[in-house]
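Hi,

Here is the structure you were waiting for. Have a look, and my notes follow below.

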Amino acid sequence: MALCGIARCPNWERAEIPIRSFNLSARLVRPTFGPLMGEIGYSSRILRSRIRFSISSKNATPLESEESASDTFSDSLEEELGHVVKFKMSDFEICDRVSIGLSGRADEVVFEAVVKDVDSPLHNSRVLLRRLTSAQAQRRGKRAIEVLKKLARRRLMYHSYSMQVHGYVDPSTTGDFGSFTLVHGYHGSFSLRHWLQQSDWLPTLEATLALDEDSVRRVGDDTVGGPAVSRQLRLTRILMRDLLIGVNYLHSHGLAHTELRLENVHVSPVDRHIKVGILGNAADFYDDNPSTSSMDANMDRRQMMIAFDMRCVGFMMAKMVLQELMEPFIFAKFKSFFTKGYDPSCLREYLLQTLGRNSSSGNAGLQILDRNWGAGWNLLSLLLATKPSERISCLDALRHPFLCGPRWRVEPSMDIIRWGLGSTAVRITEEYIYGPQQRSRLAHFIELMEMLNPHSKPKNWRGLLPGKWRLLYSTGRHIGLTLRQPPARVLIGDVHLTVKTTSKSYTTFSFTSEISFTVLIGHNWPHNKAGVAGKLGVDSCFRLTAGKRLYLKEEKETNFLPSSNTADSIVKKLSGRRWRKAIPFKEFPSSLPVAKLVSNEIEVAMSLNDPLAKNVNAAKNAVHEVRTQVPPEMFDLSKLVCGTYVDSRLLVLRGVSGSALFFTRTCANEL
């Protein structure tokens with residue numbers, strides 16, 4: 001075992017060689033998770049009466065060469081690290097706790113100690129001594145002290161949001177010149193990863209942070225206590241805001257952390273702040289080498305390094321909200337979504353398939369991200385954007401509605417408004433049973449999305465339209481609970497529309513409609529949904545051109561028939577205070593630009609498993625019932641007239657009857 005212990009002693013005079021050359025004869029207790037800043041390792045309580053050191057050195061050096069080496073090493077450290085405090089080993093009283101380094105690093109050994117030097121401002125304070133043995137570990141330790149020098153101008157912010165580094169131990173007082181001992185703060189708490197792994201982490205962390213009315217007001221949530229979802233949302237806002245403030249503090253000083261993980265973040269119960277771990281891997285934005293540095297190169301380097309940190313923050317937020325991602329297997333599937341190049345805005349559709357379609361009602365994380373018009377999904381997609389240039393910055397993330405809450409008035413951008421409209425429409429479609437009020441609200445939201453369409457020109461559709469889309473809702477037809485007595489009981493599954501480019505000019509597309517269904521057999525179908533599976537496919541080609549959607553006004557209204565003018569009803573709704581600032585135009589336009597779809601011939605194919613595959617009448621009845629339940633535009637693609645809304649996750653197509661088909665991009669079956 002690579003772990004070694006240390007007795008309670010005032011100095012390390014006997015420790016004359018690196019830790020890995022010790023031969024210990026000690027009785028160690030069962031391996032546990034020690035409280036040393038949440039670092040995973042073996043924690044050993046060692047009684048002084050039960051431990052004996054047997055130290056052997058294979059290669060002894062002469063005394064003269066050792067003294068000269070110590071003088072040279074001390075002088076170089078004095079020049080390099082002269083701006084920080086240099087401690088002696090006799091300044092500390094070593095406690096009976098020891099742990100290997102972060103994430104099980106064998107080249108780091110951590111000791112708890114108490115400062116006993118009466119002249120030190122840290123007198124009687126508990127600190128951690130991190131002994132670094134390898135050359136790479138020593139480089140990280142010295143780099144952490146260099147970062148302290150750069151951040152010394154605003155040391156209060158540094159102490160609030162970063163793990164405090166006090167200095168280093170003079171190697172001449174330990175006799176070991178092959179290692180470097182760093183002295184840093186001790187916050188008496190687990191890392192954030194260990195907090196989230198506790199079974200009762202939510203109430204324990206709330207008690208540690210001592211949440212009060214002032215803390216609730218600062219994060220903008222007026223809910224105190226309440227259900228677990230509200231409590232976890234409030235706690236997530238506190239942790240994320242503290243984390244973003246600390247990371248922004250580093251970025252504003254020209255540094256990137258480059259190693260942001262849950263293991264590197266700690267919660268301090270003293271000042272109730274998130275402490276970012278030791279900045280041993282912090283990197284400068286700007287290259288000081290005059291031969292390779294330029295303004296453009298430095299800006300690109302700065303943007304890439306900030307984007308890398310923000311991506312790490314996004315992964316941390318995902319784990320804080322979705323506890324399932326703490327499992328390595330599920331997190332590996334989560335990361336595969338991004339490595340395969342899928343758009344992060346479609347993350348909700350993928351996670352509903354991965355975590356279970358029926359878990360949205362019982363999963364607190366999904367409910368947290370769905371609140372406030374899906375603001376959590378929007379922030380997560382901006383943090384994990386595929387292109388580094390599209391990732392959100394710390395300051396913009398701190399102004400995001402998800403982190404501000406209901407008590408902070410934040411002016412939403414047009415992108416946030418579009419996102420909220422689409423997310424709310426998707427949530428309504430998942431209720432499945434639609435009353436007149438829900439159908440009216442869905443139609444209203446779809447109309448608003450069409451007016452706020454960010455990609456109205458066909459050239460913008462060429463890159464967004466190809467892909468696989470799942471049908472969510474159709475304003476023209478909905479078959480829910482019904483008293484019909486059909487000749488064949490058919491349960492409709494997923495209805496997909498796959499779009500592919502077929503020409504180099506990207507103006508001709510192939511549309512493939514795939515309808516999966518199950519024909520229920522027997523009289524026990526209300527309780528047994530296992531039947532005969534079938535699939536129906538329709539293929540057609542479309543040419544994409546520019547077009548307009550006209551809104552016709554009726555000059556006269558009869559006394560017998562109410563007006564069917566859709567535009568007037570929309571204008572009436574948009575004139576309210578809620579949507580007045582969101583709509584970019586004051587008067588309702590007479591027409592809106594759309595992407596017109598010109599179709600060619602269509603091909604229909606159907607497959608039906610035995611025993612119904614050989615029964616022609618049963619196949620006819622099944623097709624008739626499928627056509628009754630599925631919108632006619634999906635069965636006959638030539639009835640699709642134009643596209644009125646498209647973005648990276650949602651699509652709205654209009655049929656010849658004027659009905660709107662609402663789609664969401666899906667990729668779960670492709671991973």
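Of the 74 residues in the largest nonpolar core, Met240, Leu244, Met317, Phe334 and Leu347 touch the most other members. By nonpolar core I mean buried Ala, Val, Leu, Ile, Met, Phe, Trp, Tyr and Cys residues joined through side-chain atoms within 4.5 Å, with buried meaning under 20% relative accessible area (1.4 Å probe, protein chains only). There is also a second, separate core of 36 residues, which includes Phe509, Val519, Leu640 and Leu653.

Before you go further: this is a predicted model, where local features need pLDDT of at least 70 and side-chain atom pairs count only at pLDDT 80 or more, while totals for chains, interfaces and linings use all residues. Numbering runs from 1 along each chain as its sequence is written, and side-chain values use heavy atoms, with hydrogens and water left out.

Next, Glu447. This residue is found in helix α15 (residues 436-451); helices are DSSP runs of H or I, at least four residues, and strands runs of E, at least two, numbered from the N terminus. Glu447 is buried, at 8% relative accessible area.

As for the second largest cavity, 17 residues line it, and the closest to its centre are Arg348, Glu349, Val426, Arg649 and Thr664. A cavity here is a set of points on a 1 Å grid over the protein atoms alone where a 1.4 Å probe fits but cannot get out, and lining residues have an atom within 4 Å of a point. Helix α14 gives the most to that lining, with 4 residues.

Cheers

Methods
Buried < 20%, exposed > 50% of the residue type's maximum accessible area, 1.4 Å probe, protein only. 1 Å grid on protein atoms, 1.4 Å probe; cavity = no way out; pocket = protein on both sides within 12 Å on 5 of 7 lines; lining within 4 Å.
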